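Please consult the sequence and the three-dimensional view while reading.

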Amino acid sequence: MQELERLAAEADRREREKELREAEQRRCWYAAVARAREQQIEQHRATILTGQIRAWRQAEEIRAFCQAARARAGDAPVAADEADWLEWAERTRCNSTS
(Lines give C-alpha, C1' and ligand atoms only; values in the text may rest on other atoms or scores of the structure.)
Protein backbone atom coordinates (compact mmCIF):
# COMPACT_ATOMS: atom_id res chain seq x y z
CA MET A 1 0.00 0.00 0.00
CA GLN A 2 2.81 2.41 0.83
CA GLU A 3 4.39 1.69 -2.54
CA LEU A 4 1.14 2.62 -4.30
CA GLU A 5 0.94 5.85 -2.30
CA ARG A 6 4.56 6.62 -3.14
CA LEU A 7 3.96 5.94 -6.84
CA ALA A 8 0.82 8.10 -6.79
CA ALA A 9 2.69 10.92 -5.04
CA GLU A 10 5.53 10.63 -7.58
CA ALA A 11 3.03 10.74 -10.47
CA ASP A 12 1.39 13.83 -8.93
CA ARG A 13 4.81 15.51 -8.54
CA ARG A 14 5.70 14.77 -12.19
CA GLU A 15 2.31 16.08 -13.34
CA ARG A 16 2.80 19.33 -11.34
CA GLU A 17 6.30 19.74 -12.82
CA LYS A 18 4.92 19.18 -16.31
CA GLU A 19 2.18 21.77 -15.72
CA LEU A 20 4.78 24.26 -14.42
CA ARG A 21 6.99 23.69 -17.49
CA GLU A 22 4.01 24.16 -19.80
CA ALA A 23 2.96 27.32 -17.95
CA GLU A 24 6.51 28.68 -18.26
CA GLN A 25 6.54 27.88 -21.97
CA ARG A 26 3.23 29.71 -22.43
CA ARG A 27 4.55 32.69 -20.47
CA CYS A 28 7.67 32.80 -22.65
CA TRP A 29 5.59 32.50 -25.80
CA TYR A 30 3.26 35.35 -24.79
CA ALA A 31 6.27 37.49 -23.86
CA ALA A 32 7.83 36.82 -27.27
CA VAL A 33 4.56 37.74 -29.00
CA ALA A 34 4.37 40.96 -26.98
CA ARG A 35 7.98 41.85 -27.90
CA ALA A 36 7.30 41.12 -31.58
CA ARG A 37 4.22 43.34 -31.48
CA GLU A 38 6.19 46.19 -29.89
CA GLN A 39 8.88 45.82 -32.56
CA GLN A 40 6.24 45.89 -35.28
CA ILE A 41 4.74 49.08 -33.84
CA GLU A 42 8.18 50.70 -33.63
CA GLN A 43 8.94 49.70 -37.23
CA HIS A 44 5.63 51.15 -38.41
CA ARG A 45 6.22 54.40 -36.54
CA ALA A 46 9.72 54.68 -38.01
CA THR A 47 8.35 54.12 -41.51
CA ILE A 48 5.67 56.79 -41.04
CA LEU A 49 8.19 59.23 -39.55
CA THR A 50 10.70 58.84 -42.39
CA GLY A 51 7.88 59.29 -44.91
CA GLN A 52 6.78 62.48 -43.19
CA ILE A 53 10.34 63.79 -43.12
CA ARG A 54 10.75 62.98 -46.82
CA ALA A 55 7.50 64.84 -47.63
CA TRP A 56 8.54 67.79 -45.44
CA ARG A 57 11.92 68.06 -47.17
CA GLN A 58 10.28 67.86 -50.58
CA ALA A 59 7.85 70.61 -49.58
CA GLU A 60 10.77 72.76 -48.43
CA GLU A 61 12.55 72.20 -51.75
CA ILE A 62 9.43 73.08 -53.73
CA ARG A 63 8.91 76.20 -51.61
CA ALA A 64 12.55 77.27 -52.16
CA PHE A 65 12.27 76.58 -55.88
CA CYS A 66 9.11 78.67 -56.21
CA GLN A 67 10.61 81.52 -54.21
CA ALA A 68 13.72 81.46 -56.40
CA ALA A 69 11.62 81.45 -59.57
CA ARG A 70 9.60 84.42 -58.36
CA ALA A 71 12.74 86.25 -57.20
CA ARG A 72 14.34 85.67 -60.61
CA ALA A 73 11.58 87.71 -62.18
CA GLY A 74 12.33 90.58 -59.81
CA ASP A 75 9.91 93.46 -60.28
CA ALA A 76 8.90 92.28 -63.75
CA PRO A 77 5.57 90.51 -63.99
CA VAL A 78 5.74 86.74 -64.24
CA ALA A 79 4.33 85.30 -67.46
CA ALA A 80 0.80 83.92 -67.02
CA ASP A 81 1.74 80.33 -67.82
CA GLU A 82 4.71 80.50 -65.43
CA ALA A 83 2.53 82.07 -62.71
CA ASP A 84 -0.04 79.28 -63.18
CA TRP A 85 2.70 76.69 -62.96
CA LEU A 86 4.19 78.25 -59.81
CA GLU A 87 0.75 78.39 -58.18
CA TRP A 88 0.24 74.72 -59.04
CA ALA A 89 3.68 73.88 -57.60
CA GLU A 90 2.89 75.76 -54.39
CA ARG A 91 -0.42 73.90 -54.04
CA THR A 92 1.48 70.66 -54.57
CA ARG A 93 3.85 71.67 -51.78
CA CYS A 94 0.93 72.21 -49.44
CA ASN A 95 -0.56 68.83 -50.34
CA SER A 96 2.72 66.93 -50.02
CA THR A 97 2.97 67.56 -46.27
CA SER A 98 -0.45 66.17 -45.39
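## A salt-bridge network

In this predicted model, a network of salt bridges links Glu10, Arg13, Arg14 and Glu17. In one of them, arginine 13 pairs with glutamate 10, and the closest N and O atoms are 2.1 Å apart. In the other, the side chain of arginine 14 meets that of glutamate 10 at 3.4 Å, N to O.

Why can glutamate 10 and arginine 13 be described as about one helical turn apart? The two residues are 3 residues apart in helix α1, and therefore about one helical turn separates them. Arginine 14 and glutamate 10 are likewise separated by about one helical turn, because they are 4 residues apart in helix α1. In general, an α-helix has 3.6 residues a turn, so residues three or four places apart point the same way.

## A salt bridge between the helices

Across the whole structure, the search finds 9 salt bridges. One joins glutamate 82 to arginine 72, with the closest N and O atoms 2.6 Å apart. This pair links distant parts of the chain, since glutamate 82 belongs to helix α2 (residues 80–96) and arginine 72 to helix α1, and the two are 10 residues apart.

Are the two partners buried or exposed? Arginine 72 is exposed, because its relative accessible area of 61% is over the 50% cut-off. Glutamate 82, at 25% relative accessibility, counts as partly exposed.

Another pair of positions can be compared by C-alpha distance. Arginine 63 lies in helix α1 and is partly exposed at 27% relative accessibility. Arginine 63 and leucine 86 are 23 residues apart in sequence, while their C-alpha atoms are 9.7 Å apart in space.

## Helix α1 and overall form

The protein chain contains 2 helices and 0 strands. Helix α1 has 72 residues, and its first and last C-alpha atoms are 106 Å apart, close to the 106 Å expected at 1.5 Å a residue. Glycine 74 follows α1 and has a positive phi, near 65°.

Valine 33 and histidine 44 are 11 residues apart in sequence, and 16 Å separates them in space, C-alpha to C-alpha. Valine 33 counts as partly exposed, at 39% relative accessibility.

For the chain as a whole, the C-alpha trace spans about 110 × 15 × 10 Å along its principal axes. Its radius of gyration is 34 Å, whereas a compact globule of 98 residues would have a value near 13 Å.

## Burial and surface

How much of the chain is buried? Of the 98 residues, 10% count as buried. In α1 the buried positions are Ala55, Ala59, Ile62, Cys66 and Ala69.

A nonpolar surface patch of about 370 Å² is formed by Met1, Leu4 and Leu7. Leucine 7 lies in helix α1, which covers residues 2–73. With 42% relative accessibility, leucine 7 counts as partly exposed.

## Cysteines

How many disulfides does the search of the whole structure find? The search returns 0 disulfides. By way of background, a disulfide is a covalent bond between the sulfur atoms of two cysteines.

Cysteine 28, whose relative accessible area is 38%, is partly exposed.

Key. Residues numbered from 1 in each chain as written. Predicted model: local features only at pLDDT ≥ 70, side-chain atom pairs only at ≥ 80, totals over all residues. Heavy atoms only, no water. Patch = residues over 30% accessible without salt bridge, like charges linked within 9 Å, V, L, I, M, F, W, Y side chains within 5 Å. Areas by Shrake-Rupley, 256 points an atom, 1.4 Å probe, with all protein chains shown as cover. Salt bridge = Lys/Arg side-chain N within 4 Å of Asp/Glu carboxyl O. Buried < 20%, exposed > 50% of the residue type's maximum accessible area, 1.4 Å probe, protein only. Disulfide = S-S within 2.5 Å. Expected span 1.5 Å × (residues − 1). Rg over C-alpha atoms; globule rule 2.2 N^0.38 Å.
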